[in-house]
Amino acid sequence: MPMPMMALSTKMVMPNIFVAALPSSLARIYHLLSQPVHASTLGLFRMLFSICMMWQALKFADVFYDLRRTKMVFPYAGLDFSPPCAPQTGEFLLSVNFIAGLMVMCGACTRIATVVLFATFAYIFHITEENHNNHYILICHVTFVASFLDWGRWGSVDALVAAWLERRRRRGGGRTTQNGIRTTSVVPYWNLLLMQLLFTIPYFYGAIAKCNHDWLLRAEPPTMWFSRRAETDLDSPLLFAYKTAWYPWFVAWGGMLFDLTISFILFSRPLKLPLGLPGVLLFNCMNKVMFNIGVFPVAMLASYTLFAQPETPAVCAWIVKKHILGMEDAADTFPYVGPRWHSFWLVPLPPDAYASAKKKQHLRTEEVVDAEAAAAAAAAAEVAAMTTNDGEDKSSPTTQLSLRGAFVLVFLAGFATFHFLGPLRHFVLYPPGVSWHEEGHLGAWHMMLRSKHGDVMIDFLEDGAAPPPPPPPMAAASHRKHKHVHAPAHRVFISEDRFLNTRQRRKLITKPHTVLLYVQHMSRIYREAGRNLTGAYARSCYCLNARAPAKMFVETTNLLDWAYRYEYVWPFGERSGVLVGAGGGGFLTPLPPVHSPGGRDACSIDALGGYSYDHVRQEVTMSPTHMQIHAAAGLQFEGEEVKHVTSDQFSTPKAATSSSLVMSFCQESLPVFSSSSMWTLQL
């Protein structure tokens with residue numbers, strides 16, 4: 001064949017070979033991930049995790065009571081399609097969530113109970129960002145993935161029912177064992193692998209998040225936290241450590257190194273017990289004592305059970321049953337022969353590796369292998385040729401990928417893409433300083449890495465009003481303490497808005513995008529009051545991790561121009577709200593330097609916006625404008641609850657308003673409050 005023709009033939013054949021080899025490779029990956037492993041570690045984790053879920057349901061008991069004392073909620077970016085419910089309905093959902101957790105713990109109707117557990121918790125969590133915590137995101141991920149798993153096959157009511165049905169099939173001559181054990185007690189390996197990955201991702205990406213200037217080179221914010229606790233937390237068992245200079249550096253560097261290595265240690269068979277167990281215990285117990293971050297440390301401790309050999313809890317139960325309780329129906333030997341595992345990593349070997357390893361051993365020793373190796377080889381042949389525990393026929397060639405196998409691989413690929421790339425998006429899509437502007441912060445596992453305090457003052461302008469004048473220089477601020485300052489018709493310190501509850505005010509003044517949500521909501525309040533809001537300008541001053549104080553919001557930017565445009569991935573929205581360069585657009589300033597240039601601070605909380613903080617705060621607190629606008633919109637603060645007292649569409653007797661607060665999504669609400677991102681509490 002001439003050389004050009006040969007080259008052309010090679011180009012035509014190579015893609016065909018690749019396409020033909022792809023299904024075979026995917027089928028081999030699927031068969032590797034579908035090897036049956038014992039379900040006991042997954043079952044034990046299910047019981048422990050469900051206890052954490054019931055504990056969390058009790059901690060959520062006051063969520064809807066807090067919502068009675070506010071005019072709005074703060075939905076997550078892109079999740080404003082999830083409508084709030086009435087407080088009575090929310091309290092009912094909390095009860096359903098607790099019962100679902102109890103059912104999952106007992107393993108009764110496990111699959112259905114897990115779906116209900118995920119749906120109720122995710123809904124309650126996504127109603128408002130004021131309840132945000134990183135471990136709530138982890139709980140949503142775990143319960144969602146568990147809805148697709150068979151984690152109720154051991155230590156559950158479902159397993160007892162399955163064992164009873166199995167005995168009936170045995171009497172009928174049906175096949176009841178696989179790989180040396182009842183088919184009701186094994187799960188595909190990918191079930192266990194997904195749970196293991198879910199609990200190592202926060203560790204590993206937490207280490208990546210800790211690799212920043214403040215944490216590693218300044219030991220901030222631990223230095224700031226512990227110096228305060230040395231004076232206030234006098235009963236803490238770590239008081240002696242808080243008073244030392246080295247302890248913040250130990251927490252910073254030790255935490256980063258632990259997070260970076262623990263994932264690999266837990267997957268290491270020789271190291272997970274001598275290093276992994278004490279490390280996990282020490283790290284999570286210290287987190288609980290130092291930061292008291294809810295159920296997260298307890299759930300991470302429970303996740304250690306996932307990294308034991310899959311049959312370990314079942315073996316312990318068999319030993320108790322056979323040798324301690326002396327039960328006669330216990331088998332003489334533990335009836336399970338699992339797949340061969342890698343000598344170092346906690347991953348099973350491919351099924352075809354059993355036969356090759358067996359053949360090499362036979363040629364080397366020329367002896368009859370022992371019974372255990374023979375059983376493992378027979379199990380491997382059975383796995384490769386017959387069936388898995390979920391009933392899929394494998395009598396067809398392994399080069400064929402079934403529809404179920406394709407679905408599993410697509411699900412695993414989506415899982416890996418979301419969890420492995422999502423936490424890194426702020427490195428690509430947004431400017432540096434995620435702890436400052438918080439774009440890309442959600443779900444990136446930046447845990448306990450920032451301490452931000454300050455306040456923001458917003459000037460609301462109506463038709464015909466000019467933008468507020470530029471603030472006077474910092475040096476002139478002290479001379480304006482007792483002078484009347486130029487102010488628009490409506491000026492608000494968010495930290496003083498009585499129509500927000502305490503938790504909302506605390507979250508709102510530190511999260512830039514929630515300030516946008518507040519401005520969006522105020523524009524609806526103005527429209528319902530018959531007034532036209534044309535501008536909202538923020539004056540702010542914040543300190544991040546003991547850095548120099550700086551203005552977070554660009555004072556010349558109208559925040560109404562950024563409504564509904566925040567943290568949507570380009571090109572579907574603005575790429576970033578951070579001001580980059582002198583000619584760039586944005587409403588947020590870049591990350592401030594550690595020290596003020598020239599030793600002069602850019603702002604002062606005591607002289608916010610260049611004016612006397614105390615004087616303006618007193619002026620705002622005494623001004624009736626804020627109350628008048630809300631009253632004209634039909635909202636009034638009575639006692640501890642926000643009441644909707646007037647409505648042209650739905651008139652409710654005032655005597656009946658004490659117990660029936662509902663969100664504006666409900667039919668009793670005003671149309672102005674039901675749009676897009678905000679809802680209010682009304683009657």
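Which residues in H10 meet which residues in H12? In this predicted model, Pro 222, Thr 223 and Phe 226 in H10 are in contact with Tyr 247, Pro 248 and Val 251 in H12. Sorted by class, the contact of H10 with H12 has five nonpolar residues and one polar residue, and no charged residues take part. Two packed helices are described by the angle between their axes and the distance between the axes. For helix H10, which covers residues 222–232, and helix H12, which covers residues 247–266, the packing angle is about 140° and the axes lie 9 Å apart. Angles over 145 degrees would count as roughly antiparallel, and H10 and H12 are therefore described as oblique to each other. The crossing in which H10 passes H12 is right-handed.

A second pair of helices is formed by H8 (residues 189–210) and H18 (residues 403–421), whose axes come within 11 Å and cross at roughly 10°. Because angles under 35 degrees count as roughly parallel, H8 is roughly parallel to H18. On the side of H8, the residues that meet H18 are Trp 190, Leu 194, Leu 197, Leu 198, Ile 201 and Tyr 205, and their partners in H18 are Val 408, Phe 411, Leu 412, Phe 415, His 419, Phe 420 and Leu 421. The contact of H8 with H18 comprises 12 nonpolar residues and one polar residue, with no charged residues.

Two backbone features were also found in loops. The peptide bond that leads from Glu 220 to Pro 221 is cis, with omega near 10°, and Pro 221 is found in the loop between helix H9 (213–217) and H10. Asn 292, a residue other than glycine, has a positive phi, near 50°, and Asn 292 lies in the loop that runs between helix H13 (272–291) and H14.

The largest cavity has a volume of about 60 Å³, and its lining consists of Phe 49, Cys 52, Met 53, His 135, Leu 138, Ile 139, Val 295, Phe 296 and Ala 299. The elements that give two or more residues to this lining are helix H2 (40–59), helix H6 (134–146) and helix H14 (296–302). In terms of class, eight of the residues that line the largest cavity are nonpolar and one is polar, while no charged residues are present in the lining.

Note on methods
Residues numbered from 1 in each chain as written. Predicted model: local features only at pLDDT ≥ 70, side-chain atom pairs only at ≥ 80, totals over all residues. Heavy atoms only, no water. 1 Å grid on protein atoms, 1.4 Å probe; cavity = no way out; pocket = protein on both sides within 12 Å on 5 of 7 lines; lining within 4 Å. Points joined across faces, edges and corners; volume = space filled by probe spheres on them. Helix = DSSP H or I, 4+ residues; strand = E, 2+ residues; numbered from the N terminus. Nonpolar A, V, L, I, M, F, W, Y, C, P; charged D, E, K, R; others polar. Axes fitted to C-alpha atoms, helices over the stretch in contact; angles between N-to-C directions. Parallel < 35°, antiparallel > 145°, perpendicular 65-115°, else oblique. Left-handed = near helix turned anticlockwise from the far one by under 90°. Contact = heavy atoms within 4.5 Å.
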